[in-house]
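Please keep the viewer open as you go through the points.

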Amino acid sequence: MVKKQSINILFSYSLARRNGKDDSFTLHPLVHSWLQHRLRSDSARLFDILARSLKRLHAIGALHHDPSNFDPQLREKFHALCRRLLPHLLALYREIQLQNFQTTDARLFSLLVPLKFLSDVLQHNTHYSEQYQLLRLVAASREFELGADSVSNDIFLTSVYKPLGWNSASRFFLSESITWYEKALSCMECIYGPDSKEQIEVLSHIGLSLHDLHKHKEAQEYLYKAFSIHEKAFGPDILDHLKGSLYLWLANTIISLGDFKEAMILLGKSLQIMEKCLGPDCLESTYIFQSMGDVCRLQGNNTNARNYYERGLSISERILGPHHPTISFSLMRLGDMYQLEGQLDKAISLYERCILIRERIFGRLNVMTTEPMLEKAKSIFSQGNHSKAYSLFEEVIQIRKEVLGSGVKTYQAIHAMARAMMKEDKNSRVALGYLENVKENYERTLGVDRYNTVVVCFDLALALHKLEEDIPRALELARHCRDFYESRIAQSEEYRHNFKLAEDLIVLLENYM
């Protein structure tokens, strides 16, 4: 009775509002603040309310969530539920942060499953930084609860390590991602034995992180192992969602190695399986269309590439809305197409939209956000606004140095700025120094006969020719580029074009000597 009277008083002063769809109601922010202030003076009662709230929300979510069911309607219902629960769970997350729980706090042990569910909802709503912090707390608490001798046999920990790996990869902390996945793999091997079907997904994600680290051969080994386990476990004729994903992931590594024909065959198989399992124009088809567009672009078929990118963008916007991070990948690819075609205003507009999406999710100081920033800088430079472009180049380089150190991604940004500098006589010598550093890094980290390394070798030969310095070395570099492209000339229109550029440069250098 007292509760009902109190709620009626809040209604009378417009400090609470009924929900027209059900019997629930919402409280004014001032009421929330007052309640939090009162509760913080009683930590035991506050923890009890936090615990009951988490368990209640977890129970609601568990009724609607089946991770093994890929039915689009069921998944959309769960996404909708996550959006409704998000404000409540974010409030709980902020309170957990304020309480500064220690991993040794035994009160947390009974809340680890609800906290894991809270992290799932944060992931579905692209709150990746909050998800990461919460998962670290859950993992450390569980490890402390079990002790070092029992960690490797705990199924729950594998369900925490896997999203930690996914989260780290999503924020482009790829080495950390592999570490989390390897911890999950170690647990699975202890629980299920070697080469079990439960390891397929983890092996695949290690392969994907290696692929993003430009270790394509190692990536293929993990993906082929995952594929082999799948066929042994389920038989070669089973066409499920996981097999469709494996075809897609294998295709992407093969694209990076230049076998476009084989890649398109695998992508076709992936699309066929996904449409059979999930229906036409399912979300997974977005990623397949992006990869098909990549193949067409690399083969010089820009019209087909744009069609694939636009189709993928249309599907993902319809399913996820206009601000989801998945949208940004299609925006990037379409922006790249317009940049190649010289439609710079359109390219910049798409890059700016991509930046806004990623900055909202990952923050400004994140490698994912710097990708559209870098492409925007290139487009701005091509428009003639060099000072603004250099400022953006330097911001990208600084962010990547702070986040990744002297890795490939950092030197890719330096390479992009050096290529821009080469177009200005006053900066050619500075550009030459940058190109030497990039070449040294690529050869050390990627290898001599890799596409990125060959591109910087060609740029270095051009710089030496322009500055009329060390022409014999420039000729040696140009010949190396020509030989690389000649051996791969059938793979793409881009390789044929680059082969012709290398031959033309060789003629210029030979005439100069």
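Predicted model: local features only at pLDDT ≥ 70, side-chain atom pairs only at ≥ 80, totals over all residues.

Residues are numbered from 1 along each chain as its sequence is written, and side-chain values use heavy atoms, with hydrogens and water left out.

**Cysteines**
- With a disulfide taken as a pair of cysteine sulfur atoms within 2.5 Å, the count comes to zero.
- The closest cysteine sulfur to that of Cys187 belongs to Cys190 and lies 6.8 Å away, so the two are too far apart for a bond.
- Cys187 is buried at 3% relative accessibility, whereas Cys190 is partly exposed at 44% (buried is under 20% relative accessible area, exposed over 50%, partly exposed in between, with a 1.4 Å probe and protein chains only).

**Loop residues with positive phi**
- Asp281 is not a glycine, yet has a positive phi of about 55°.
- Asp281 sits in the loop between helix 12 (260-278) and helix 13 (283-298) (helices are DSSP runs of H or I, at least four residues, numbered from the N terminus), and is partly exposed at 29%.
- Glu468, also not a glycine, has a positive phi of about 55°.
- The loop between helix 21 (451-467) and helix 22 (471-486) holds Glu468, which is exposed at 53%.

**A contact across the sequence**
- Lys215 lies in the loop between helix 9 (200-212) and helix 10 (216-234) and is partly exposed at 38%.

Notes. Helix = DSSP H or I, 4+ residues; strand = E, 2+ residues; numbered from the N terminus.
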